[in-house]
Amino acid sequence: MQGAAPARSGSPPEREPWLRTAAYVVIVVAGLRAAADLVVTVLLALLLAMAFLVPVRYLRARRCPTWLAVGLVVAATGVAWTGLVTVVSRSVQAFHGRLDDYEEKLEGRYQEVAKALGMTPSAADDADGQAGPPMLFGDLFGTDALFGLVATTANGLLSAVSSLFVILLLLLFMLLDASDLSGKLQRTFGNVELHAVSEAGAKINSYLFLKTVVSLLTGVFAGAFCALVGVDYPVLWGLIAFLFNYVPNIGSVIAALPPTLLAFLDHGVGFAAVVAGGLTAVNLVFGSLVEPRLMGRSLGLSTSVVFLSLLFWGWVLGPAGMLLSIPLTMVVKIMLEHNERYRPIAVLLGGCEVPLHAASGPANG
């Protein structure tokens, strides 16, 4: 009886670290959701700083002063962001000017579909004698909806401008402090944690560079295809294809929907099918052929984990979390790889470069 007591008293310490870790994770996730706006701003600035540290170091190697190199990079970022907002705002304004035309075309397409399906006007109406889909079109594209769309767009542009200012300030300070960052991290965390941070930074930089190249090619070819076949606002659709290509798995599908619907309104089902087929071909070439060849095994994440990370970070941080899902999951995986207790979780996320037998020793804490 005395020998059984140690087994019972020794079992809680085995479970306690995992329970405590789970509680910490819940608290951290709840905090991230509560401060999602601030967290997204800081994360975007941090990712830009990691990416733009390469050109800053290049300019410094060419005997350019640090303040000038950082200033040039930040100024170029501001100009690019301002151009992005300008293109989007002008395209949205042009779209607003044709809303009435699109409403008429949408109702006309509905009548064509109803005739093709053999639906009589009375069969298409609802029980109260009111035409269902045309009334719905009026609700969607009427005056109230138009003013609501204008207000939403204006607020979105103001938010983008204000976020740009904060992100540029953070980017400026982060790049200025980057020269002494490795020394600070080593003094704070030690060599092991510094190695993990360096590895995460290198992998994220590689991912961002290759993903940006693939996304840029996708956006250029998607916009050129829309311009070639005659879809309105090809620059906007190319820009959307470029941005949404950062969203894994579903981004290219979402980006192809607006130009396909617009093609359906302007020219019918056949033309919409051509547009959908062309955009699908562009996404397949760059997403399924070019991107895997460039990236290879650099992600180190399984396909299911990529999709689950998209859902998780989108739920925690909102739409911006979908853009940040892959870099954030890569950071989590690398940190888990360098902790003996949680290294098996890194294996479940898609593989671990550190052998598992290193964690099989007596020290698990």
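Mentor: Val40, Leu43, Leu44 and Leu47 of α2 meet Ala320, Leu324, Pro327 and Leu328 of α14, where contact means heavy atoms within 4.5 Å. This is a predicted model, in which local features need pLDDT of at least 70, side-chain atom pairs count only at pLDDT 80 or more, and totals for chains, interfaces and linings use all residues. Residues are numbered from 1 along each chain as its sequence is written, and side-chain values use heavy atoms, with hydrogens and water left out.

Trainee: How do the residues of the contact of α2 with α14 divide by class?

Mentor: Ala, Val, Leu, Ile, Met, Phe, Trp, Tyr, Cys and Pro count as nonpolar, Asp, Glu, Lys and Arg as charged, and the others, Gly among them, as polar. On that scheme the contact of α2 with α14 has eight nonpolar, no polar and no charged residues.

Trainee: How are helices assigned, and how many helices and strands has the protein chain?

Mentor: Helices (H or I, at least four residues) and strands (E, at least two) are DSSP runs, numbered from the N terminus. The protein chain has 15 helices and zero strands.

Trainee: At what angle do the axes of α2 and α14 cross?

Mentor: Axes are lines fitted to C-alpha atoms, for helices over the stretch in contact, and angles run from 0 to 180 degrees between N-to-C directions. Angles under 35 degrees count as roughly parallel, over 145 as roughly antiparallel, 65 to 115 as roughly perpendicular and the rest as oblique. The axes of α2 (residues 36-61) and α14 (residues 319-337) cross at roughly 50 degrees and come within 11 Å; α2 and α14 are therefore oblique to each other.

Trainee: Is the crossing of α2 and α14 left-handed or right-handed?

Mentor: A crossing is left-handed if the near helix is turned anticlockwise from the far one by less than a right angle, and right-handed if clockwise. The crossing of α2 and α14 is left-handed.

Trainee: At what angle do α2 and α3 pack?

Mentor: The angle between α2 and α3 is about 140 degrees, and their axes are 9 Å apart. That makes α2 oblique to α3, and the crossing of this pair is right-handed. On the α2 side the contact is made by Phe52, Pro55, Val56, Leu59 and Arg60, and on the α3 side by Thr66, Ala69, Val70, Leu72, Val73 and Thr77. The contact of α2 with α3 comprises eight nonpolar, two polar and one charged residues.

Trainee: Which residues of α13 and α14 make their contact?

Mentor: Among them are Val305, Val306, Leu310 and Trp313 of α13, and Met322, Ile326, Leu328 and Val332 of α14. By class, this contact has 11 nonpolar, five polar and no charged residues. α13 (residues 303-317) and α14 pack at an angle of about 125 degrees, with axes 7 Å apart, and the crossing is right-handed.

Trainee: Is Leu47 buried or exposed?

Mentor: Buried means under 20% relative accessible area, exposed over 50%, and partly exposed in between (1.4 Å probe, protein chains only). Leu47, in α2, is buried, with a relative accessible area of 15%. Not counting residues up to four places away in sequence, Leu47 touches Ile204, Leu208, Leu324 and Pro327. Leu47 and Pro327 are 280 residues apart in sequence and 8.6 Å apart in space, C-alpha to C-alpha.

Trainee: Where is Met330 found, and is Met330 buried or exposed?

Mentor: Met330 is found in α14 and counts as buried at 2% relative accessibility. Its C-alpha is 8.0 Å from that of Lys203, at a separation of 127 residues in sequence. Across the protein chain, buried residues make up 33% of the 365 residues.

Trainee: What is phi for Arg63 and for Tyr233?

Mentor: Most residues other than glycine have a negative phi, and most peptide bonds are trans. Phi of Arg63 is near 65 degrees, a positive value, and phi of Tyr233 is near 60 degrees, likewise positive. Arg63 lies in the loop between α2 and α3 (66-97) and is exposed, with a relative accessible area of 81%. Tyr233 lies in the loop between α9 (191-229) and α10 (234-244) and counts as buried at 16% relative accessibility.
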